[in-house]
Amino acid sequence: MKETLEKLFEGTYQYFQNGQNYSQENFHVSQIEESHDYVFESEILSRVETGEFFKMSVRYQLSQFYVPHKIEINKSLGSKIAKENFDIDQQRQILTYTFKSNTGSQSVERPFSSKHYITAPCFVTAALFTLTKKIDTTARTPVTFITAANEWEFTGPPVDKILWVEMKAHDTEELLVAGAPLTASKFELHEEDALTGDARPAAELWVSKHFGVPYQLQERDGAKVVVRKLKKLKQDLERIF
C-alpha cells in the first residue's frame, strides 16, 4: 500500500570548517497519514577536492513515539555507490544492518533495545535522542549510540559508542541564527564522564523543542553546522520558532 506523506516543515543547514562553507543539507520532516510514523528526509551535496560531487540521501522513519523503524542511506561519488539499511524488529529486539556497494552486499544482525539510538550521517536527526532519553540536569548522562563506520566497502558491523550528554540550561536560551533569535535547549557532548573526562565538550548542540530538530552544532575542532532556513508547512502545527 502506498504511503501518504504530509510534510510538516522543511529547511536547510550549512556546514562550515574554520569559517569556510563546504556543504549544504536540505531536509524535510513529514508524517505518514496511515501509520502516523514520522519521516525525516535529508539530502547533502558537497564538492570534493577532485572536483567530483558527493551526494547522500537519508530517510529516517520513526513511530509516533519516536522509536526508530527503518533508516536508509544512499551515497554516491563518481562511479562509487553505497547503500546502508537499518531495519529494526521491535518484537525480537533485533537490528538488521545491510551494506551494499559496487562489489557486493553484506548483512549482519545485532541486539537492539530502547536504550539504543541510531546515528545517521545527516544533521537533522542528530538530536532525536533528546525526544525519548531523560537527560539529567545535574550531571552528565550516558547515551548509547549505534554507529557504522563503513564508507564505500563493508569493514565491520555497527558498534556501540557512548557519549556523555550534559544539559547546560535548565530551561531554554536564545540562539541568534541569521539575525533571528531562536529559543533552544543547549547540550554539551562529552567523550568521557564528569569524573574522568576533559572539562571541554567535544561539541555543543542547540536543539528546538519541536520534533528534536537541531539548530546548531559547534565542535571543538572548529567544525560548525547552522540552520539557515526552517519553514513550517502545516498551518496547525505549534509555532516552531
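The model shown is predicted; local features need pLDDT of at least 70, side-chain atom pairs count only at pLDDT 80 or more, and totals for chains, interfaces and linings use all residues. Residues are numbered from 1 along each chain as its sequence is written, and side-chain values use heavy atoms, with hydrogens and water left out.

Next, display S7 as residues 94–101; S6 and S7 run antiparallel and are joined by 8 bridges. Two strands count as paired if DSSP finds at least two bridges between them. Select Lys83 and then Lys100 in S7, which is the bridge partner of Lys83.

Now move to the other pairing of S6. Strand S5, residues 68–77, pairs with S6, residues 80–89, in the antiparallel sense over 8 bridges. Selecting Lys75 shows Ala82 of S6 standing opposite. The hairpin of S5 and S6 has 2 residues between the strands, and Gly78 in this hairpin takes a positive phi near 60 degrees.

Continue with strand S10, residues 141–147, and strand S11, residues 159–167. S10 and S11 run antiparallel, joined by 7 bridges. Select Thr147 to find Val159 of S11 opposite.

Note on methods. Helix = DSSP H or I, 4+ residues; strand = E, 2+ residues; numbered from the N terminus.
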